[in-house]
Amino acid sequence: EAQVGVGEGGLAPCDLLVGSGFADLFAPAQLTSLLARLCPGGLAYLPITFAGATRLEPAEGGAGSVPSDARVMGAYHEHLRAQGQFLEPQRLVDAVCEAGGALVERGASPWRIAADAPFHAWMVDFLAAGTARAMWASGWDPVAWRWRVLHERRPTVVADNVDLLLRLPRAVPSPIE
């Protein structure tokens, strides 16, 4: 018995894939291969793709053992790279194009997390936790930085993201191991 939407060997290809906030977690060639297998020749809409930059507005320099915002953000981005994240969305666009697909549209999509937003404290904790080991090893106090951000300064957290709309290749590229 055939089921609607199921072809031989699995699900029938789709016309559109939507994947929010995850593209930076995959190597560009591997993600291209996966998306093309799921939706050959179709579209992939990838909103909120992290574009590798996080900052506080207004930014502040450090004082004493409290690191500057720039130092904390630099350590955070290094932490993400060390975990294997891919922080340059252009590399994904290049991989899709090299495999026979195309960039249809790209637009900025920054997260602006105001100090009074419920998500603000969580994001500051995320930044502090991701940098704590590197900060302590360099003689900085990430706990004091976190406290100042949450209780004294209350800046906006900005994470640069892009929304990508890609035409996927019709042929499935060989996966990269």
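Predicted model: local features only at pLDDT ≥ 70, side-chain atom pairs only at ≥ 80, totals over all residues.
Helix 4 (residues 118-137) and helix 5 (residues 142-153) have axes that come within 8 Å and cross at roughly 160°. Because the angle is over 145°, the limit for this class, helix 4 counts as roughly antiparallel to helix 5. The crossing of helix 4 past helix 5 is right-handed. On the helix 4 side, the residues that meet helix 5 are His120, Ala121, Val124, Asp125, Leu127, Ala128, Ala132, Met135 and Trp136. Their counterparts in helix 5 are Pro142, Val143, Trp145, Arg146, Val149 and Leu150. Sorted by class, the contact of helix 4 with helix 5 comprises 12 nonpolar residues, two charged residues and one polar residue.

Helix 4 also packs against helix 2 (residues 69-82), with axes that come within 8 Å and a crossing angle of roughly 85°. Helix 2 is therefore roughly perpendicular to helix 4. Helix 2 contributes Arg71, Val72, Met73, Ala75, Tyr76 and His79 to this contact, and helix 4 contributes Met123, Phe126, Leu127, Gly130, Thr131, Ala134 and Met135. Nine nonpolar, three polar and one charged residue make up the contact of helix 2 with helix 4. Leu127 and Met135 of helix 4 take part in the contact with helix 2 and also meet helix 5.

A further helix pair is formed by helix 1 (residues 28-38) and helix 3 (89-98). The axes of helix 1 and helix 3 are 8 Å apart, and the packing angle is about 50°. Helix 1 is accordingly classed as oblique to helix 3. Helix 1 passes helix 3 in a crossing that is right-handed. Pro28, Ala29, Leu31 and Thr32 of helix 1 make this contact with Arg91, Leu92, Ala95 and Val96 of helix 3. The residues in the contact of helix 1 with helix 3 comprise six nonpolar, one polar and one charged.

Within helix 1, Pro28, Leu31, Thr32, Ser33, Leu35 and Ala36 are buried. The partners of the buried residues of helix 1 are strand 3 (16-18), strand 4 (43-57) and helix 3. Pro28, Leu31 and Thr32 are among the buried residues, and these three also belong to the contact with helix 3.

Aromatic pairing was examined next. The count of aromatic pairs is five. In one of them, Trp111 and Phe119 are edge-to-face, with 5.7 Å from centre to centre and 90° between the planes. The rings of Phe119 and Trp122 form a stacked pair, because their planes lie at 25°, with the centres 5.0 Å apart. Phe119 and Trp122 are three residues apart in helix 4, which means a separation of about one helical turn. In general, residues three or four places apart point the same way, because an α-helix has 3.6 residues a turn. Relative accessibility is 34% for Trp111, which is partly exposed. Phe119, at 33%, is likewise partly exposed, and Trp122 is placed in the partly exposed class at 47%. Tyr76, Trp111, Phe119, Trp122 and Phe126 together form one aromatic cluster. Tyr76 and Phe126 of this cluster also take part in the contact of helix 2 with helix 4.

Ala171 is located in the segment after strand 7 (156-167). With a relative accessibility of 54%, Ala171 counts as exposed. Ala171 and Gly41 are 130 residues apart along the chain, and their C-alpha atoms are separated by 7.7 Å.

Conventions: Residues numbered from 1 in each chain as written. Heavy atoms only, no water. Axes fitted to C-alpha atoms, helices over the stretch in contact; angles between N-to-C directions. Helix = DSSP H or I, 4+ residues; strand = E, 2+ residues; numbered from the N terminus. Parallel < 35°, antiparallel > 145°, perpendicular 65-115°, else oblique. Left-handed = near helix turned anticlockwise from the far one by under 90°. Contact = heavy atoms within 4.5 Å. Nonpolar A, V, L, I, M, F, W, Y, C, P; charged D, E, K, R; others polar. Phe/Tyr/Trp six-rings, centres within 6.5 Å; stacked < 30°, edge-to-face > 60°. Buried < 20%, exposed > 50% of the residue type's maximum accessible area, 1.4 Å probe, protein only.
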